[in-house]
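Hi everyone, thanks for coming.

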Amino acid sequence: MNQFLLVRGRSHELLQFPHIVEIGLKKNASIQFGSLPVSVSQCIRLYFIIDGRFEWEVAGRPCTAYPSDLLYVLPGQTFGGANGYLDIGSLAWIFIEDANGDARRWKPGNWSSLSEIEKQTIGNILMMNPFGHLCRVADTGRIFTQLHTELVTQEIGYRARVNQLTDELLITATRQVTRQNVAGRDFPKIFLQLEQKLRQNLSHQWTVEEMAASVGMGTTLFNERVKNFSGFSPLNYLINIRITEAIRLLKKPGINVTDIALDTGFYSSQHFSTTFKKLTGYTPSQFRKKNSEDI
Amino acid sequence: MECIISIELGTNAVRVYAFNMEGGLIGSSKGSYPTFHPVPDFSEQDPEQIFITMLYVLKNFLSEKIYPSGYHVLSICFSASMHSLVLTDKKGAPLYNAVTWGDNRGKKEARTLKETPVGKEMYEATGTPIHPMSPLVKIAWFRNNEQEVFKQTTKFLSIKSYIIQQLSGAYIIDYSLASATGLLNIHSREWDAAALDFAGISGKQLPALVPIANADCKLRKQYQVSLGLGPDTKIIAGSSDGCFATLGAGIMNGNAATVTIEDSGAMRVIGKEILKDKGGKLFNYILDQDYYVSGGPTNNGGVIFDWFASQFGEHRAGFDPEAATADLLMQASQVLAGADGLVFLPYLLGERAPIWNANARGVFFGLNINHERKHLVRAVLEGILYEMYSIGKMLLKHRNIKNISVNGSFGTIPLVTQMLADMFNKPVSASPNVSSVSMGAYLLSATSFGKFSSLENAAKSVTLPAPVIPDKASHDTYSRHYPLFERLTVKLGDEFELLAQL
């Protein structure tokens, strides 16, 4: 692969792609002090290592990347060389910016042909896994080469191809994140990890697609496995955890019922009240009153 | 039509079974809940999650399977895993996660107590081996390590007591579960003064003791409404999983033993006398006013085979644990008894009976260049069962066991049942019931409705299929290999300690 660098505002090749801030490939033959200081990234960055060994600092953590590794940096995270410079070696990168308003809720923009749910899911999975060091994602090299070719040759259909390849890159990264996180073949362990993720983000409006993707499974298989293992469908299992947490909070004085409803992921206090009463026979307030007396 | 419901609050899941009055199974349902290990020695569950899961499963089961078929629910009988501990405050709210039987946080407290003469007396008085599993030891751990929580605790409960309290408002514990807390004097049937003193609590902080057939608790009005049950549905206190599994196996005489192997396992006998074990290695738990269930528990049952299958099984068409397990069992059956000289110690989770060593670990011994994967599979199966045999050997010193009944998902695998028969050289019957625990709950419930005149007669109604007959040649092989298993276990005791200290 040859070196190249395309930058938004300077390179006419990027005119059709306002979301691509920068894309390039560099063979770095010598160290220049101060060439890569730590700074806050405004967009999502993906770095792919072709050759060499790179010592970086990502979100305050040291990170050593080797050939075939893919690294992503999220908007708002700090990133730079561990020693303030770029190490010797070859690497390719792309910076993508999407104006969604809130940087913490990044997702692919209108250029992407992913469905709205998939965009959100990909965004959420990357955001929930802030240390984006992915090992041995060799296929990424091919995507970068093709991206470069499409951008410079501008053959018919190149706009669609570039966007497809960018999608492919994000899909590859997301799948690798979930695979790397998932505890191999041990479904009980996978399920425990999911349980912990759900509990940590209980107010989030989880979809089945998102839950399945976060453990690296397709939805059909995921539904079947969860049902077999837990006896519940994924969404019912989630309601189960929501009410469990709500009960704990109702037994503590001080937090009002509406806050409990929203904290535990119900749309409204009405929705909370109906679901709670259906299962327990009590409204949340009655339940709280019953548990407020000394024994 | 009338039916009897059994609710098992198990280690990983709640299971609900419905029986007709003749003991026929109408249906069942389950819901799982996770076990958290914030540090490796801790094993905790969320008591509110267990309660909500139980309620959810029961409600759906009743409204989807029981009411549409026209059944009227006469009673709900509870059983639960032993040794759990839930600490609640003065309003009845949990102060901490439930601590399960598998928790080892009290290693130090247990070791200190076990070495004293007081510890020995306490074992004889309470029937519960001195071990981190025991709520006695767990409470002592809280007193030493979580003083704020300990001070705020108004009640020290079992998971079952907590669930029944949520449903009815009453704080109770049946004699069976109470006898597995290490706090109950199994001779006087009162809380043991020395044990209370060691734990640092008073009897008032424990739930009220009731017989297993007690049905004084009433469901709160709101739960009657949400579950669609009337005020006449009896709530039966029930027993522990182990005692019910023994009753449900249909054996109430001294010449028989039951082996249960699910994830973990146990071998038990039943009788009117307790077993006096000098080493404090056998438990003696109360079944009812006349009978005791005695035996030894193992941590390392089917869970070890599942571990092997998930790590080393073949998953050609994606991840499919059942196919992988079936494939491994087939491979194991191709190897003769003795696994060509390969011996496996299954103590991946530490071990309870008979060695009571939380630091014990797994070992493959005797690998040679001709061993293939199938030999390893065979050795794993044999190791799990040698461990069961080592418990059986202790029981054989006290009882003349003539036949064995086996239950549990792992124990009733035909190959496993045959191997058990061969090792013990005794006929082994595999229980046909999906759950011996719930069968025990049915027998107790039906007896309390007058269907049987006594538990002994109720037990006689359980018919076991024709037993598997031991194979002489395999038995001889196992008899020659087993001493090696026992010697390795003893010999490696010091090395397990060293490993734990690294």
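A few ground rules before we start. This is a predicted model, so to speak of a local feature we need pLDDT of at least 70, side-chain atom pairs count only at pLDDT 80 or more, and totals for chains, interfaces and linings use all residues. Residues are numbered from 1 along each chain as its sequence is written, chains are lettered from A and ligands numbered from 1 in the order in which they are written, and side-chain values use heavy atoms, with hydrogens and water left out.

Let's begin with the cores. By a nonpolar core I mean a set of buried Ala, Val, Leu, Ile, Met, Phe, Trp, Tyr and Cys residues joined through side-chain atoms within 4.5 Å. Buried is under 20% relative accessible area, exposed is over 50%, and partly exposed is in between, with a 1.4 Å probe and protein chains only. The largest nonpolar core has 196 residues, and those with the most contacts inside it are I5(B), I7(B), L9(B), I163(B) and M267(B). Which helix gives the most to this core? That is α13 of chain B, residues 373–398, with twelve residues. Helices here are DSSP runs of H or I with at least four residues, strands are runs of E with at least two, and both are numbered from the N terminus.

Have a look at I7(B). Contact means heavy atoms within 4.5 Å.

Next, helix α10 of chain B, residues 241–248. Seven of its eight residues are buried, so the helix is largely enclosed by the rest of the structure. The buried ones are G242(B), C243(B), F244(B), A245(B), T246(B), L247(B) and G248(B). After α10(B) comes G250(B), with a positive phi near 80°.

The contact takes 28 residues from domain 1 of chain B and 24 residues from domain 2 of chain B.

How much area is buried between the two? About 2100 Å², of which carbon and sulfur atoms give 56%. Buried area is the accessible area, with a 1.4 Å probe, that two parts lose on being put together, summed over both. Two or more residues on the domain 1 side come from each of α2 (107–114), α3 (117–126), α7 (175–178) and α10 of chain B.

Now for some backbone details. A353(B) and P354(B) are joined by a cis peptide bond, with omega about -5°. P354(B) sits in the loop between β18 (343–346) and β19 (362–365) of chain B. Over in chain A, R136(A) has a positive phi of about 50° although it is not a glycine. R136(A) lies in the loop between β10 (132–134) and α2 (140–153) of chain A, and counts as exposed at 68% relative accessibility. Q154(A) also has a positive phi, near 50°, and lies in the loop between α2 and α3 (158–181) of chain A. Q154(A) is partly exposed, at 32%.

Last stop, salt bridges: a side-chain nitrogen of Lys or Arg within 4 Å of a carboxyl oxygen of Asp or Glu. E116(A) and K119(A) meet at 4.0 Å, N to O. Both lie in helix α1 of chain A, three residues apart, about one turn of the helix. E116(A) is partly exposed at 41%, whereas K119(A) is buried at 5%.

K91(B) and D294(A) form a salt bridge at 2.9 Å, N to O. K91(B) is in the loop between β6 (86–88) and β7 (98–99) of chain B and D294(A) in the segment after α10 (284–290) of chain A, so this pair joins two chains.

Thanks, everyone!
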